[in-house]
Amino acid sequence: MSVDDMNVLLFKKIRSKSIKSIVTKKSIDYTNHGAIYVVYGMDSLPIHTEWEEKIKVGDSILKPKDSLKIMIKSNSGVSVLDYEQNKEEILTTNF
């Protein structure tokens with residue numbers, strides 16, 4: 001499967017989610033090539049490695065359905081992170 005094909009599958013899964021929650025945990029799945037996840041409520045979302053420092057436990061995470069942008073609200077401000085701007089890093093689709 002090509003990088004583009006993997007991104008299409010990943011983006012489809014991410015777009016289907018509507019998120020309005022608090023990050024309760026960050027997790028690394030060593031059995032899945034060290035994939036990094038943020039955990040919120042009863043769900044999780046894979047994140048890019050460069051986003052790991054931008055998202056902290058206790059931050060608010062917001063994402064409207066059909067979007068590839070997540071908003072992170074913290075005490076230090078608001079960040080908007082866009083999956084489409086990081087297509088070169090292949091994320092897991094096992095979430």
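Predicted model: local features only at pLDDT ≥ 70, side-chain atom pairs only at ≥ 80, totals over all residues.
Trainee: How do you know that the protein agrees with a compact globule?

Mentor: We set its radius of gyration against a rule of 2.2 Å times the number of residues to the power 0.38. For 95 residues a compact globule would come out near 12 Å, and the protein has 13 Å, so the two agree. The C-alpha trace spans about 40 × 30 × 25 Å along its principal axes.

Trainee: How much of the protein counts as buried?

Mentor: Of the 95 residues, 37% do. The cut-off is under 20% relative accessible area. As for the accessible surface, it comes to about 5800 Å², and 51% of that belongs to carbon and sulfur atoms.

Trainee: Why is one group of residues called a nonpolar core?

Mentor: The name applies because its members are buried residues of kinds such as Leu, Ile and Tyr, joined through side-chain atoms within 4.5 Å. The largest such core here has 19 residues, and those with the most contacts inside it are Leu-45, Ile-55, Ile-61, Ile-70 and Tyr-83. At least two residues of this core come from each of helix H1 (3–15) and strands S1 (19–29), S2 (35–40), S3 (43–47) and S5 (69–74). In soluble globular proteins, nonpolar side chains tend to be buried together.

Trainee: Which residues does Ile-55 touch?

Mentor: Leaving aside residues up to four places away in sequence, Ile-55 touches Val-23, Lys-26, Val-38, Ile-47, Ile-70, Ile-72 and Leu-81. A touch here is a contact, with heavy atoms within 4.5 Å.

Trainee: How do you know that S5 and S6 are paired?

Mentor: Pairing takes at least two bridges. S5 and strand S6 (residues 77–82) have six bridges, in the antiparallel sense, so they qualify. In one of these, Ile-70 has Leu-81 in S6 as its bridge partner. The two strands form a hairpin, with two residues between them.

Trainee: And what makes S4 and S5 a pair?

Mentor: The cut-off of at least two bridges applies again. Strand S4 (residues 60–63) pairs with S5 over three bridges, also in the antiparallel sense. Ser-60 stands opposite Lys-73 in S5. S4 and S5 form a hairpin too, with five residues between them, and Asp-66 in the turn has a positive phi of about 75°.

Trainee: What share of the contacts joins residues 24 or more positions apart?

Mentor: Among contacts with a separation of 6 or more, such residues account for 54%.

Technical notes. Residues numbered from 1 in each chain as written. Heavy atoms only, no water. Buried < 20%, exposed > 50% of the residue type's maximum accessible area, 1.4 Å probe, protein only. Helix = DSSP H or I, 4+ residues; strand = E, 2+ residues; numbered from the N terminus. Areas by Shrake-Rupley, 256 points an atom, 1.4 Å probe, with all protein chains shown as cover.
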